[in-house]
Amino acid sequence: MHFQNGFDQDPLIRFDHYVIRHVYVHIPFCPKICPYCSFYKEASDRNKTQAFLDAVLQELDLRLNQGLILRPETVFFGGGTPTALTAKQLEYLILGLRARIDFSDLDEWTIEMNPATVSLEKAQLLLRLGVTRASMGVQSWNPEILTRLGRVHSAEQAKSSYTLLREAGFTNINLDLIFGVPGQTVDVWHRTLEKTVSLNPQHISAYCLTYEEDTEFFRRFQEGELIQNTYQDASFFETTMAGLSQAGFQQYEISNYAKPGYECRHNLAYWLGRDYLGLGPSAFSTILTERWQNVSDTSRYIESTSPVAFSEYLSPETRKAESIAFGLRTYYGVPSQQIEPEQANTLIQEGYMERLENRLRLTTRGKMVADSIAELFV
Ligand SMILES: C[S@@+](CC[C@H](N)C(=O)[O-])C[C@H]1O[C@@H](n2cnc3c(N)ncnc32)[C@H](O)[C@@H]1O
Ligand code: SF4
């Protein structure tokens, strides 16, 4: 644990009527743990869920008592797998939030799902309670790739869960995909993209597989059993950009593609450097000069009166640097005056960046090395 500014030891800190527009809730339960995933999660545990839901509402009360005003434009239930909760538990949580928060400015409410945890009853309930956007982890339509990824569902189950979301009335759906899986060919990936496009979702997130520390995949990668082919990853990425652009999707962030008007506003708020409150184990919050992270342990989160494990002071310079690094990953880029002219000109001359009126953004070449470019600014 790091205590850098004493914030986490000071539950009396006041945010004097500061208005927060973006709220994240982390739900750490999953039907089965995937070997590549490093998000904080655990296998669903029926004995813990009610105490977890009460702890989230208690944390919310703590922040409201500190003077935060929540008038969310966006809410994001992420995880883990929020739909690993039962319909009754989801209803309890959402009604608990509704009793405490004014949702009259709400624009978008996303919930992440795993295809194995979707039912018509849950989908209809979520819509009735105000959820507007479903984000489902499909990863691949290829049975062998799904097995390699250790997914709990089949391609058929993902397809029927998608149909069911549509039947329930969801009109804003994202599907998550992963490329660069060992054994995946560009042809197999191309077919996954084609199948996804044919279902007509409003949004597609296509991530390159990363070998995250503390995962089974990372161990197998280090032992040489799983091999990363960065050259092939680049061609997966190029195939994705070209294929989805042709299908009418705008790449508005390195890994995110949307039909016009369907960009995820919650994630955009992060990338554009807005403040947000995160509730639940492992959730981050960034408000004014403070960033903190809750403890990544559900039992400790439930038991503790102050769930914060880590906090840091963010200087205006740090916040500006972060908004350049994240802003550059988006279609909108950053205002030209935020980047030193000499640095901007070098990146433009090398073909990584382009100027559009008074903004700077990455070219296709720049997107291929977006992480390295972002590092120049943080
Ligand atoms: C919280 S999960 C989505 C909902 C649900 N838990 C599921 O997996 O179906 C977030 C997404 O992150 C992506 N992801 C997780 N670990 C990843 C990794 N190591 N590399 C690339 N993408 C990853 C997957 O596409 C996954 O769908
Ligand atoms: S990818 Fe999704 S279902 Fe798999 S472990 Fe991570 S959060 Fe859970």
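**A buried aspartate, then the ligands**

Tutor: Asp-233 counts as buried, because its relative accessibility is 8%. Keep in mind that this is a predicted model.

Student: Where does Asp-233 sit?

Tutor: Asp-233 belongs to helix H8, which covers residues 230-246.

Student: And what does Asp-233 contact, leaving aside its neighbours within four places in sequence?

Tutor: Phe-179, Gly-180, Cys-208 and Gln-228 are in contact with Asp-233 once those neighbours are left aside. With Gln-228 there is also a polar contact between the two side chains, at 3.3 Å.

Student: How far apart are Asp-233 and Thr-147?

Tutor: They are 86 residues apart in sequence, and their C-alpha atoms are 20 Å apart in space.

Student: Switching to ligand 1. Which residues come nearest?

Tutor: The shell has 19 residues, and Thr-81, Gln-139, Arg-151, Asp-176 and Thr-210 come nearest to ligand 1. By type, the shell divides into eight nonpolar, seven polar and four charged residues.

Student: What about the backbone of Thr-210, how far is a backbone N or O atom from a nitrogen atom of ligand 1?

Tutor: For Thr-210 the distance is 2.9 Å. Another polar backbone atom, in Tyr-36, is 3.0 Å from a nitrogen atom of ligand 1. An oxygen atom of the ligand is 3.4 Å from a polar backbone atom of Met-113.

Student: How much of ligand 1 does the protein bury?

Tutor: Ligand 1 exposes 560 Å² when taken alone, and the protein buries 93% of that.

Student: OK, ligand 2. What surrounds it?

Tutor: Cys-30, Cys-34, Tyr-36, Cys-37, Lys-41, Gly-80, Thr-81, Asn-114 and Arg-151 surround ligand 2. That shell divides into four nonpolar, three polar and two charged residues.

Student: Where is Gly-80 found?

Tutor: Gly-80 is in the loop between S5 and H2. A cis peptide bond, with omega about 20°, joins Gly-79 to Gly-80. For background, most peptide bonds are trans.

Student: You mentioned H2. How many residues does helix H2 have?

Tutor: Helix H2 has 14 residues, 87-100, and reaches 20 Å from its first C-alpha to its last, close to the 20 Å expected.

Student: Which residues in H2 are buried?

Tutor: Ala-87, Gln-89, Leu-90, Leu-93, Ile-94, Gly-96 and Leu-97 are buried in H2. In an α-helix there are 3.6 residues a turn, so residues three or four places apart point the same way. The cover over the buried residues of H2 includes strand S2 (19-27), helix H1 (46-65), strand S5 (69-79), S6 and helix H3 (120-128).

Student: Now Ser-161. Is it buried or exposed?

Tutor: Ser-161 counts as buried, because its relative accessibility is 3%. Its place is in helix H5, residues 155-168. Not counting residues up to four places away in sequence, Ser-161 touches Pro-115, Val-118 and Met-136.

Student: Last topic, backbone angles. What is phi of Leu-288?

Tutor: Phi of Leu-288 is near 55°, a positive value in a residue other than glycine. Most residues other than glycine have a negative phi. Leu-288 lies in the loop between strand S13 (284-287) and strand S14 (290-294). Its 39% relative accessibility is why Leu-288 counts as partly exposed.

Student: And Glu-357, what is its phi?

Tutor: Glu-357 is not a glycine, yet has a positive phi of about 50°. The loop between strand S17 (353-356) and strand S18 (359-362) holds Glu-357. With 78% relative accessibility, Glu-357 counts as exposed.

Conventions: Residues numbered from 1 in each chain as written. Chains lettered and ligands numbered in written order. Predicted model: local features only at pLDDT ≥ 70, side-chain atom pairs only at ≥ 80, totals over all residues. Heavy atoms only, no water. Near = heavy atom within 4 Å. Polar contact = N/O pair within 3.5 Å; in protein donor to acceptor, adjacent residues only side chain to side chain. Areas by Shrake-Rupley, 256 points an atom, 1.4 Å probe, with all protein chains shown as cover. Nonpolar A, V, L, I, M, F, W, Y, C, P; charged D, E, K, R; others polar. Helix = DSSP H or I, 4+ residues; strand = E, 2+ residues; numbered from the N terminus. Expected span 1.5 Å × (residues − 1). Buried < 20%, exposed > 50% of the residue type's maximum accessible area, 1.4 Å probe, protein only. Contact = heavy atoms within 4.5 Å.
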